[in-house]
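Here is a short briefing to read alongside your viewer. Please keep the sequence and the coordinates open as you go.

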Amino acid sequence: MKIKKWLTATAVATSSLVLLSSMAFAADTVKSNMVLKLNGKDAEYAAQSYLLDSNLYAPYTALARSLGAEAQWKADTKTLTLRKSGGTLEFTVDMKTVTVNGVKLALATPLQMVGDTAHVPVRFVYEAFGYSVGYDAQTRTVSLSSDTKPGLRILGINEGQYHLGSDLKVAVLAQNQTLTDYTVNKTAKPGEGHMLVWLDTDLDPKVATQSFKGEPLVFSNLKPGAHTLTVQLVGNDGLPLQPDVKQTIKFNTAKLSILADLDPQKAAGMRTEGVIANTKGHVFTVDSDSKKLFRIMADSGKFEVLTELPRAATGLGLDAAGNLYLASGGQEGVILRVLAKDLEGGAFETAKVETYVSGVAGANGMAFDKAGNLYITGGANGNIYRVAPDRTLKTFKSDILPERTDQLIVVNGIAFGQDGKLYVSDTSGGAINRFPMNADGSIGAAEKVAKSPLLYGADGINFGPDGALYVAVNERNSIVRVTVDGIVTEVAHNDNNGPLEFPASPYFVGNTLYISNFDLPRGDNKPSEPGIGSSIAIIQFGEATK
């Protein structure tokens with residue numbers, strides 16, 4: 001029996017400070033020739049700074065001295081701790097995480113050794129402690145400016161972010177305000193005070209959490225849906241500062257779990273790429289290797305094999321009548337069809353699976369328009385096909401070219417937006433494109449919606465009840481949310497232990513997102529042997545918020 005590792009996948013805040021990334025970090029350092037200004041004057045350690053993947057690093061001793069921060073270096077564990085004004089940052093060499101006031105966060109610029117000296121990422125540290133960081137590309141000047149006014153920085157959750165799980169842990173750094181014990185120091189003094197924290201309650205100081213120790217702020221038993229976090233700096237007497245220093249963050253929580261493990265005996269060996277569900281509580285997927293068509297009960301996760309297809313299939317689609325369409329690519333390219341009445345009964349013979357249309361080379365993703373026309377992506381050939389209700393076939397060129405030689409697929413997932421345009425994922429370029437539709441059903445020129453490293457490996461796509469596009473990013477084991485105006489945020493991400501394992505297709509029914517795990521050994525899912533393997537995962541979002 002394979003060992004199932006039930007993991008909680010957490011979406012980590014993305015900002016100028018923390019960034020989820022699966023990209024390799026360069027090992028070569030380059031002596032920096034940048035001008036480094038600290039409050040308008042030349043920084044003493046500018047000549048000792050280095051560039052690493054275009055990120056500026058400086059020796060921790062000189063940087064801590066310039067900040068007035070306490071620094072503690074442990075050579076045996078290669079761990080550095082910086083403390084200032086109740087804020088604590090803990091780094092470990094080459095680790096892509098940083099612990100801020102007890103909260104572990106992802107970090108794109110980890111601590112690095114240059115020779116025998118630990119070097120810290122300049123931007124991250126200064127911004128964490130309340131400095132503004134600017135850059136003039138013409139003069140190659142980095143400007144670091146301190147602010148004497150009190151301020152707040154909340155890390156661990158971002159505005160509009162989806163957080164997975166029922167527990168939330170955040171760190172709050174108070175800037176230019178010394179946090180003191182309000183039960184002992186009750187007299188208001190300039191530069192001293194504590195924090196009031198509210199979650200989903202009216203702003204009433206009587207029900208706020210009072211914090212002054214720089215400890216993590218922990219909230220438990222959050223239900224899926226919309227939430228609001230508010231943090232306010234107050235004096236020792238509990239009264240707001242003047243001017244008021246308050247920050248409010250609106251975010252959403254969701255629950256990620258496994259609905260069905262399709263091969264409990266193994267952690268690898270099946271390939272389930274497409275997934276789709278109907279309003280009758282049935283979820284469908286296909287194992288490309290055995291060609292078995294599975295029907296899964298949405299309420300229990302129980303599954304059964306309905307039939308063996310005449311060909312392997314990937315993408316799935318349902319028409320308005322509930323008939324199931326299955327894309328079987330390759331050079332010939334065939335679309336199979338199973339009638340709705342056969343989907344609702346027991347197992348049936350392969351002969352009931354009909355060939356709906358052929359000649360769609362590379363057939364993969366599918367989407368119906370309101371008139372019943374079926375649009376199909378051709379993968380690496382860049383074609384988008386249209387099959388009319390009378391089964392006549394038209395071929396359109398997307399004119400999108402691959403950007404990576406190891407990944408040539410340029411048209412993959414496909415979905416119609418509320419604007420009537422056709423949205424398509426570019427797996428090679430890490431992008432979402434959309435095509436305006438002409439009156440004759442042909443497609444117009446591609447419009448770039450979003451391009452991001454978070455989208456490298458963008459596979460299946462589906463619009464959620466909030467009007468945003470949800471993308472299964474297979475190479476990164478992640479689900480990414482893309483708004484129609486191009487804002488990209490990560491909803492979920494994990495390593496090769498699951499529960500997302502080379503996710504290939506997402507599909508919404510109400511507020512529940514079904515996700516197929518294709519489980520190929522590529523990117524963050526390499527090797528594919530650990531975890532659940534081929535399965536259907538679900539994310540329960542709660543009430544939709546736009």
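This is a predicted model: local features need pLDDT of at least 70, side-chain atom pairs count only at pLDDT 80 or more; totals for chains, interfaces and linings use all residues.

Residues are numbered from 1 along each chain as its sequence is written, and side-chain values use heavy atoms, with hydrogens and water left out.

**Confidence**

- The average pLDDT (the predictor's confidence in each residue, from 0 to 100) is 91 for the protein, and 94% of the residues score at least 70.
- Residues 1-27 have a pLDDT below 50, yet beyond near neighbours in sequence this stretch has 89 contacts in the model, a contact being heavy atoms within 4.5 Å.

**Salt bridges**

- The count comes to 20 salt bridges, each being a side-chain nitrogen of Lys or Arg within 4 Å of a carboxyl oxygen of Asp or Glu.
- Lys-341 and Asp-342 form one of them, with their closest N and O atoms 3.6 Å apart. Lys-341 is exposed at 61% relative accessible area, whereas Asp-342 is buried at 8%. Here buried means under 20% relative accessible area, exposed over 50%, and partly exposed in between (1.4 Å probe, protein chains only).
- Glu-403 and Lys-451 meet through their side chains in another salt bridge, at 2.9 Å from N to O. This pair links distant parts of the chain, 48 residues apart: Glu-403 sits in the loop between strand S35 (393-397) and strand S36 (414-416), and Lys-451 in strand S39 (residues 447-451). Strands here are DSSP runs (E, at least two residues), numbered from the N terminus. Glu-403 is partly exposed, with a relative accessible area of 47%, and Lys-451 is also partly exposed, at 43%.
- Arg-476 and Glu-490 form a salt bridge at 2.5 Å, N to O. Arg-476 lies in the loop between strand S41 (469-473) and strand S42 (478-482), and Glu-490 in strand S43 (residues 488-493), so the pair ties together parts that are 14 residues apart in sequence. Arg-476 is buried at 3%, and Glu-490 is buried at 4%.

**Around Asn-517**

- Asn-517 belongs to strand S45 (residues 512-517) and is buried, with a relative accessible area of 0%.
- A polar atom of the Asn-517 side chain lies 2.9 Å from the backbone oxygen of Pro-499.
- The side chains of Asn-517 and Ser-535 make a polar contact at 2.9 Å. A polar contact is a pair of N or O atoms within 3.5 Å; within protein, one must be able to donate a hydrogen and the other to accept it, and residues adjacent in sequence count only if both atoms are side-chain atoms.
- Leaving aside neighbours within four places in sequence, the contacts of Asn-517 include Ile-258, Thr-272, Phe-502 and Ala-537.

**A five-stranded sheet**

- Five strands form an open antiparallel sheet in the order S6-S7-S8-S9-S10. Two strands pair if DSSP finds at least two bridges between them.
- Strand S6 (70-74) and strand S10 (103-106) are the edge strands, each pairing on one side only.
- Strand S8 (residues 87-92) and strand S9 (residues 97-100) pair in the antiparallel sense over three bridges, and Phe-91 stands opposite Val-98 in S9.

Terms used:
Helices (H or I, at least four residues) and strands (E, at least two) are DSSP runs, numbered from the N terminus.
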